[in-house]
Amino acid sequence: MKKFSFYLPVILSTLLIVGCEKDYFSPKTVEVTGPVSFATDIIPILTEDCAIASCHVSGAESPNLAAASAFDELTGLGYVDASNPANSRVYKLITGASNPVMPPAGNPLLSPEEIGYILAWIEQGAQNN
Amino acid sequence: MNSKKIFSAKSIALVFVLVPAFLSAQENSDAPAKPSKEFVKGTFENGVAINNQTVENPLRKSLDFMIQHRFGVIKDEKDMFGLFAPSNIRMGLTYGITKDLSVGIGATKNRYLFDLQGKYIIFRQTKKKGTPVTATYYVDVAKSAQEDDNFINSEGEFKTANKLSYFHELMIARKINSKISLQLAGTYSYFNIIDSVYGQHEFYGVSFVGKYKFSPQSSLLVDFDYLLNVSDIPEDTRPQPNLGIGYEVSTGSHQFQIFICLADGIINQENRVFNHNKLSEQDFLLGFNITREWGFK
């Protein structure tokens with residue numbers, strides 16, 4: 001047992017420092033320059049990826065991102081910071097800058113284009129257009 | 001990835017520090033029998049204090065089962081002050097192989113993490129003259145079970161190793177008296193892949209844990225951790241220091257901790273590097289740790 005207790009920490013610490021990489025994630029957003037509409041550009045993203053059964057719908061997780069309530073919930077519950085768009089809670093959640101990353105583990109993340117549209121919508125004043 | 005970079009300089013340096021410590025410990029254990037030292041017991045009640053490891057290990061041939069839970073940030077009544085918000089949970093097992101060495105495994109909800117841990121008590125505080133502190137080394141590796149598509153690097157490649165992250169910690173603790181115990185530690189976190197906005201993979205930090213035992217079963221706990229090399233990271237992404245304040249009740253084979261803290265990461269490298277809840281904005285959340293220990297002697 002003494003030999004075991006000696007070798008195991010050495011083996012563990014050796015194993016745990018090998019296999020180190022120095023990679024960066026692919027960009028999580030692309031720049032969207034044109035005008036963005038909440039109804040035609042943002043709602044479809046929310047409907048497909050967020051307002052799904054047992055997730056961000058009525059009676060489940062807050063905020064309720066169903067089409068009828070998404071704007072009020074995002075702007076009224078402090079998920080959007082139009083004065084500092086990149087600091088918006090919703091943007092930080094979908095880019096993984098805040099925990100828990102959204103959509104949660106096990107679900108595909110939003111594409112860089114989708115994230116780009118959401119950021120551009122906030123940058124353009126987060127309007128209900 | 002250039003194979004020459006597989007071993008980072010800092011990691012190799014860490015081994016040079018740690019291996020002699022293990023060798024030294026082994027040499028001592030093989031030496032002729034000396035009068036047994038009387039070691040200080042119960043510096044902390046548990047191997048975990050809020051969000052930090054402590055110098056404690058499970059007893060030899062004992063199995064610890066731990067549930068760690070973090071609710072959402074306490075904001076307002078709309079989500080019942082974080083209770084209805086997305087939460088994080090980890091369930092883990094830790095086994096004491098010897099009185100000094102333990103290994104553990106666990107699974108965490110956020111980011112679908114599986115972790116493997118090891119903890120080794122290098123030397124212990126003695127009751128009389130001799131060793132004034134207890135020193136313990138802790139290491140873990142976490143692997144995400146998220147889909148491979150979530151780990152594509154900036155060159156469009158997927159590598160299995162990019163699902164891994166590491167954490168090393170060297171802790172020094174002293175039981176000042178029957179009521180007060182203090183612990184300081186140096187930490188090292190490493191992520192194989194990370195957002196480019198961080199601009200670095202290695203994170204050095206310090207941490208503090210304090211315990212004030214005010215009754216035979218009850219203690220107040222405080223923990224704090226702080227990363228030292230994050231000043232170049234843009235402010236809206238920069239990891240935030242983590243503070244936790246809690247209450248612990250221990251009945252020997254059970255420990256229960258309930259607390260408020262800033263980080264919801266649970267795994268040590270996660271709650272240091274990915275904590276964006278700010279003390280200045282009082283982004284506290286409610287959490288608890290429950291431990292049950294079984295002996296197999």
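This is a predicted model: local features need pLDDT of at least 70, side-chain atom pairs count only at pLDDT 80 or more; totals for chains, interfaces and linings use all residues.
1. Two strands are taken to pair if DSSP finds at least two bridges between them.

2. Strand β5 (residues 101-108) of chain B and strand β6 (residues 113-123) of chain B are antiparallel partners, joined over eight bridges. Within this pairing, Ser102(B) lies opposite Lys119(B) of β6(B). The hairpin of β5(B) and β6(B) has four residues between the strands, and Arg111(B) adopts a positive phi near 65° there.

3. β6(B) also pairs with strand β7 (residues 134-144) of chain B, again in the antiparallel sense, and here over ten bridges. Leu116(B) is found opposite Val141(B) of β7(B).

4. In chain A, attention turns to a pair of helices. Two packed helices are described by the angle between their axes and the distance between the axes. For helix α2 (residues 38-49) of chain A and helix α5 (residues 112-123) of chain A, the axes come within 10 Å and cross at roughly 135°. α2(A) is therefore oblique to α5(A), since an angle over 145 degrees would be needed for roughly antiparallel. The crossing of the two helices, α2(A) and α5(A), is left-handed.

5. Which residues of α2(A) meet α5(A)? On the α2(A) side they are Phe38(A), Asp41(A), Ile42(A) and Ile45(A). Their counterparts in α5(A) are Glu114(A), Tyr117(A), Ile118(A) and Trp121(A). By class, the residues of this contact between α2(A) and α5(A) comprise six nonpolar and two charged, with no polar residue.

Conventions:
Residues are numbered from 1 along each chain as its sequence is written. Chains are lettered from A and ligands numbered from 1 in the order in which they are written. Axes are lines fitted to C-alpha atoms, for helices over the stretch in contact, and angles run from 0 to 180 degrees between N-to-C directions. Angles under 35 degrees count as roughly parallel, over 145 as roughly antiparallel, 65 to 115 as roughly perpendicular and the rest as oblique. A crossing is left-handed if the near helix is turned anticlockwise from the far one by less than a right angle, and right-handed if clockwise. Two residues are in contact if their C-beta atoms, placed from the backbone, lie within 7 Å. Ala, Val, Leu, Ile, Met, Phe, Trp, Tyr, Cys and Pro count as nonpolar, Asp, Glu, Lys and Arg as charged, and the others, Gly among them, as polar.
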